[in-house]
Amino acid sequence: MTIEEIKSVSIVQFLETEGYQYAYIHRGNYWYLSPFRAESSPSFNVSPTKNLWNDFGANSGGNIINLVQKMHPSWNNHQVLTYLEQQIKDHHLKYAEDYEAMVKEQQRRNVWKQSQVTERTKERNCITFVDRICKLCHPNLKSYILQRRVDFEIAQQYCKEIHYHIYDKHYYAIAFENIEGGMEIRNKYSKRSIGKKTISIIRTNGESHSECCIFEGFFDMLTYASIRKWMMDIQLCVENDCDYIVLNSISNIKTAFPYLQVYDVVHCYLDNDAAGIATTKKIMDEYSKKVIDESVRYRNFKDLNDVINGIVKK
């Protein structure tokens with residue numbers, strides 16, 4: 001048994017096996033005559049929810065291991081733990097209620113996590129059939145885009161609408177193409193990929209530029225493009241026109257490195273979290289002289305889209 005398991009065994013049950021009966025219960029706590037001395041008024045308290053004891057007469061307390069140590073001061077730690085293990089086995093002592101609840105909750109969470117892993121694996125392995133790709137116009141997708149505070153005409157410029165089915169279920173979503181012909185697809189309820197997952201490169205105004213802005217996801221890129229269109233004076237955008245590079249996943253950063261060579265300046269608009277900061281550092285380590293970390297422009301927000309939605313970073 002582990003130390004934590006031993007510590008979680010009910011002290012109330014253990015005291016019963018040792019021949020100690022509680023005198024009364026008050027507000028859920030068990031009161032005993034102290035097992036350490038003779039007394040007529042109970043001063044020894046056990047909280048079954050916390051599974052801790054407190055000897056008010058001696059101003060001492062602790063867990064079940066501390067209790068046995070105090071009962072047998074001449075024993076070493078090994079003797080204490082061996083004795084407890086034997087008592088637990090011989091008397092079939094149970095865990096305290098709070099520990100059992102914690103174990104059951106952890107088991108429930110583990111089952112749920114495993115079901116999610118199984119579902120994602122099943123989804124990745126199933127075949128997606130694309131029914132059609134068209135201009136972005138579905139009212140539900142438009143509503144979702146506007147809820148994200150993104151300019152719908154900007155979204156139409158850089159994205160498509162995709163209709164697809166998996167088995168006998170049909171779906172539709174926003175589609176954002178990458179350099180390998182794969183797509184990142186989004187709607188209000190789903191976020192997944194179709195085809196190979198890699199980076200996307202956007203040549204704004206149909207021409208290449210000497211500077212680029214690099215984003216983690218395409219909604220951040222759409223947000224940036226929307227802000228430039230609206231000419232909002234909130235100091236989020238750089239002055240010059242730039243190409244846009246969207247990683248679609250920070251795991252694609254090495255794929256992006258060769259494409260960054262051609263630019264004179266690389267503006268990093270990655271998330272203000274541990275992963276985004278680490279990815280920005282990787283880019284700076286590779287191209288230190290021409291990289292600018294632009295996340296300071298939205299230091300109080302996780303990403304660009306959170307800025308225009310007013311979602312301040314905790």
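Predicted model: local features only at pLDDT ≥ 70, side-chain atom pairs only at ≥ 80, totals over all residues.
Residues are numbered from 1 along each chain as its sequence is written, and side-chain values use heavy atoms, with hydrogens and water left out.

Let me start with the interior. In soluble globular proteins, nonpolar side chains tend to be buried together. By a nonpolar core I mean a set of buried Ala, Val, Leu, Ile, Met, Phe, Trp, Tyr and Cys residues joined through side-chain atoms within 4.5 Å, where buried stands for under 20% relative accessible area, exposed for over 50%, and partly exposed for what lies in between, with a 1.4 Å probe and protein chains only. The largest nonpolar core here has 34 residues, and those with the most contacts inside it are Tyr158, Ile174, Met221, Leu222, Tyr224 and Tyr244. At least two residues of this core come from each of helix 6 (139-147), helix 7 (152-158), strand 8 (169-177), strand 12 (211-215), helix 8 (218-230), strand 13 (243-246) and helix 11 (304-309); the helices (H or I, at least four residues) and strands (E, at least two) are DSSP runs, numbered from the N terminus. Helix 8 gives the largest share of this core, seven residues. If we take contact as heavy atoms within 4.5 Å and leave aside neighbours within four places in sequence, Tyr224 is in contact with Cys213, Phe215, Leu236, Cys237, Val238, Tyr244, Tyr269 and Leu304. There is also a second, separate core of 20 residues, which includes Val12, Ile65, Val68 and Ile88.

Staying with strand 13, where Ile245 lies, I would point out that this residue is buried, with a relative accessible area of 0%. Not counting residues up to four places away in sequence, Ile245 touches Ile199, Ser200, Ile201, Cys212, Cys213, Ile214, Phe215, Leu260 and Tyr263. From Ile245 to Ile202 the C-alpha to C-alpha distance is 6.3 Å, although the two are 43 residues apart in sequence.

Next come the aromatic rings. Rings of Phe, Tyr and Trp (its six-membered ring) pair if their centres lie within 6.5 Å, and planes under 30 degrees apart count as stacked, over 60 as edge-to-face and the rest as tilted. By this rule the count comes to 21 aromatic pairs. Tyr144 and Phe219 have ring centres 5.7 Å apart and planes at 75 degrees, so this pair is edge-to-face. It links distant parts of the chain, with Tyr144 in helix 6 and Phe219 in helix 8, 75 residues apart, and both residues are buried. Phe176 and Phe218, by contrast, form a stacked pair, at 4.9 Å centre to centre and 20 degrees between the planes; here strand 8 holds Phe176 and helix 8 holds Phe218, 42 residues apart. Both Phe176 and Phe218 are buried. Elsewhere, ring pairs link Tyr22, Tyr30, Tyr32, Phe36, Phe44 and Trp53 into a cluster.

Between strand 9 and strand 10, the loop contains Asn187, which counts as buried at 13% relative accessibility. Leaving aside neighbours within four places in sequence, Asn187 is in contact with Leu141, Tyr144, Tyr172 and Ala173.

Arg27, in the loop between strand 1 (24-26) and strand 2 (29-32), has a phi near 50 degrees, a positive value in a residue other than glycine, and Arg27 is exposed, with a relative accessible area of 77%. Asn205, in the loop between strand 11 (200-202) and strand 12, likewise has a positive phi, of about 60 degrees, although it is not a glycine, and at 57% relative accessibility Asn205 counts as exposed.
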